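Here are some exercises to work through with the model open beside you. Try each task before reading its solution.

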Amino acid sequence: MKVFFIATPGSKVIARKGGIYVVKRLGEGFEKVAVPPDVDAIVIASSRVGVSSKAIRLAAARGIDVVFLDPTGYPVARVYPPYISKTIATRVAQYTLFPTEFGKRLAKEMIYAKIVNQAEVVRYLAKNYRDASLREEAYRVDSVATEIRSLVNFDADTLRNLEARAAKIYWQAIAYTLPRELGFTGRDHDSKDPFNMALNYGYAILYSTCEKALLLAGLDPYLGVFHTPKSGKPSLTLDFVEVFRAVAVDKPLAINAKRIRFEVSENRLDYETRKEVARIVLENMSSSYFYVKANKRLELGEIIKRESWELAICIREAKEYRGFRASL
């Protein structure tokens, strides 16, 4: 997945001679940088970046998503080409099946895949740091996934309780690998420690990627199976994101935590830190992982696209869905 990230205040996105360019002020002069025509998305991470309507039209014509992030990294708006395949058949099946046992089983599978991938990330960290205690923690996370897989009669609260148990073990393992000065003691969306803020920013990039994949697969991102449906809340996007969080964001940020220059200004990451977090997450999205369903290595961004297509097919055909399992 190729993403062009813009975070420099005062930049302007323009279209000239059939190309899209970013003009940045440099001291007394300007620098004009061409946006490669084969990018998948232009991500704008500053309220002080201007975009011309001509640039938006050209991006849409080339199938380039234009995403606007707020200071925490959450996507607040996007412009994408007005085409979505197989919308009617897929959405009718989604609206019909999600309130049934099919929806319950799908929620169980997504949470199971999430926890399996969390265990895999802890195993990866154990291997990277040659730490036997982390291998034991990975086993403990895996044991919760096994409990979920064996469930027969269950409700959403049962899944949430097991998810929370796995999360406690998982985040303690992540905290163990991080520099103490970061002050990270566990996952808290509202915490002001820099690693939690970096996670928020990385997840926001992942949300944007997953939502686009679901939309282009013809799914309604606002009707999910695990997160509570609510007006304006992209519940299916939040469900789908769960499967990929550990591999797409947690792993690269944990591994690079000692090399990131974390700077916080006015209770949020400064521009340079946001750029670095985005670079690490986006590079990881372009890294290849073994994808068992294709029996080959693919870029993580491509795996997300394929998983959204697979999910849409399973919904249209009322087939059981098997979530993505990472192999690190």
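Contact here means heavy atoms within 4.5 Å. This is a predicted model, in which local features need pLDDT of at least 70 and side-chain atom pairs count only at pLDDT 80 or more, while totals for chains, interfaces and linings use all residues. Residues are numbered from 1 along each chain as its sequence is written, and side-chain values use heavy atoms, with hydrogens and water left out.

**Exercise 1.** Describe the surroundings of Leu97.

*Solution.* Start with its place: Leu97 belongs to helix 2 (residues 87-97); helices are DSSP runs of H or I, at least four residues, numbered from the N terminus. Next, list the neighbours. Leaving out residues up to four places away in sequence, Leu97 touches Phe102, Gly103, Ile315 and Ala318. Of these, take Ile315: 218 residues separate Leu97 and Ile315 in sequence, yet their C-alpha atoms are 7.5 Å apart. Finally, check accessibility. Leu97 has 18% relative accessibility, so Leu97 counts as buried (under 20% relative accessible area; exposed is over 50%, partly exposed in between, with a 1.4 Å probe and protein chains only).

**Exercise 2.** Work out how helix 4 and helix 5 are oriented to each other.

*Solution.* First compare the axes, which are lines fitted to C-alpha atoms over the stretch in contact, with angles from 0 to 180 degrees between N-to-C directions. Those of helix 4 (residues 132-149) and helix 5 (residues 156-177) come within 10 Å and cross at roughly 170 degrees. The two helices are therefore roughly antiparallel, a label for angles over 145 degrees.

**Exercise 3.** Classify the ring pair of Phe244 and Phe324: stacked or edge-to-face?

*Solution.* Rings of Phe, Tyr and Trp (its six-membered ring) pair if their centres lie within 6.5 Å; planes under 30 degrees apart are stacked, over 60 edge-to-face, the rest tilted. The centres of Phe244 and Phe324 are 5.5 Å apart and the planes at 15 degrees, so the pair is stacked. Now place the partners: Phe244 is in helix 7 (residues 235-256) and Phe324 in the segment after helix 9 (300-316), 80 residues apart. Phe244 is buried at 0% relative accessible area, and Phe324 is buried at 2%.

Notes: Angles under 35 degrees count as roughly parallel, over 145 as roughly antiparallel, 65 to 115 as roughly perpendicular and the rest as oblique.
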